[in-house]
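Welcome! Please take a moment to look over the sequence and the 3D view before reading on.

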Amino acid sequence: MEDVVAAPQTSRTHILVRALGYAYRWGLDLLFPPSCVVCERVGVWLCDECASQIQPLQTRVCTRCGRPWNGGSICRECETNPPLVQRSRAVFLYKEPIRGAIHALKYRGGRQVAAALGQTMAASWLGYAMEADLLAPVPLYPGREARRGYNQATLLARELGKHLGIPMAPHVLYRVRNTLSQTKLSREQRRTNVVNAFVCAEGLDLTGCRVVLIDDVMTTGATLQACAGVLLNVGAEAVNAFTLARAP
Ligand SMILES: [Zn+2]
Ligand SMILES: [Zn+2]
């Protein structure tokens, strides 16, 4: 599936940093050949055997935010503050071995790991029957993406789009503020940290479009909420979210 919406002009510095990033990882692959992130078998980033053994999230979840929840259909948090994201779903809980796989996706062999994980996401997607006209990866701040050489959410969304036949749009959303890493912040800090962090591509009109946000990990959902607000402002009919993993 082709990516839709043209990429913006990338600065020369970003191209240079990106090229250095590729060279660096190519060098790393020579020195440290890929090994399965789970069993360390050499040759692939996630071997077939381990991929088949990672158990998807199968507990009862809140029908809105997807958090493991044994009460009614909607959790207390969603009842008090209904999220802008209609439904959030994740394939796995964010714990080992998937935590290691996501680390590898971000810092070691992005593309190869994404192919394996994207396939798993596609298989799981079919069980959620999420309606989507467009997949939109949660963007990284441009500097961070240039240093890494890719956005792991885009890699996952591209794989998913390929398997499901849904268009993927890596340039619908932009991160305009370099936010702090969410991992060490409180729930409230996470929310304020991402306020005004995202904008839509200029002139974009998503009237009638059902968008599904794609990311690697959902923690409190603050990032997805911020993205959903921006997409709804330009007419999106509905915004759902699908992530590889979510915090327990
Ligand atoms: Zn393995
Ligand atoms: Zn909920």
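## Overall make-up

Please keep in mind that this is a predicted model. The protein chain holds nine helices and six strands. Of its 248 residues, 39% are buried.

## Two packed helices

Two packed helices are described by the angle between their axes and the distance between the axes. Here, helix α5 spans residues 110–128 and helix α7 spans residues 152–164; they pack at an angle of about 50 degrees, and their axes are 8 Å apart. The angle is why α5 counts as oblique to α7. Their crossing is right-handed.

Which residues meet where α5 and α7 touch? On the α5 side they are G110, R111, A114, A115, L117, G118, Q119, M121, A122 and W125, and on the α7 side Q152, L155, L156, E159, L160, H163 and L164. Sorted by class, this contact has ten nonpolar, five polar and two charged residues.

## The largest nonpolar core

In soluble globular proteins, nonpolar side chains tend to be buried together. The largest nonpolar core has 58 residues, of which L213 and I214 touch the most other members. Helix α9, residues 222–233, gives the most to this core, with seven residues.

Leaving aside residues up to four places away in sequence, I214 touches L135, A136, P137, V138, A153, L156, A157, L160 and F242. Of these, L156 and L160 are also among the α7 residues that meet α5.

Notes: Residues numbered from 1 in each chain as written. Chains lettered and ligands numbered in written order. Predicted model: local features only at pLDDT ≥ 70, side-chain atom pairs only at ≥ 80, totals over all residues. Helix = DSSP H or I, 4+ residues; strand = E, 2+ residues; numbered from the N terminus. Buried ≥ 20, exposed ≤ 12 C-beta atoms within 10 Å, placed from the backbone. Axes fitted to C-alpha atoms, helices over the stretch in contact; angles between N-to-C directions. Parallel < 35°, antiparallel > 145°, perpendicular 65-115°, else oblique. Left-handed = near helix turned anticlockwise from the far one by under 90°. Contact = placed C-beta atoms within 7 Å. Nonpolar A, V, L, I, M, F, W, Y, C, P; charged D, E, K, R; others polar. Core = buried A, V, L, I, M, F, W, Y, C linked by C-beta atoms within 7 Å.
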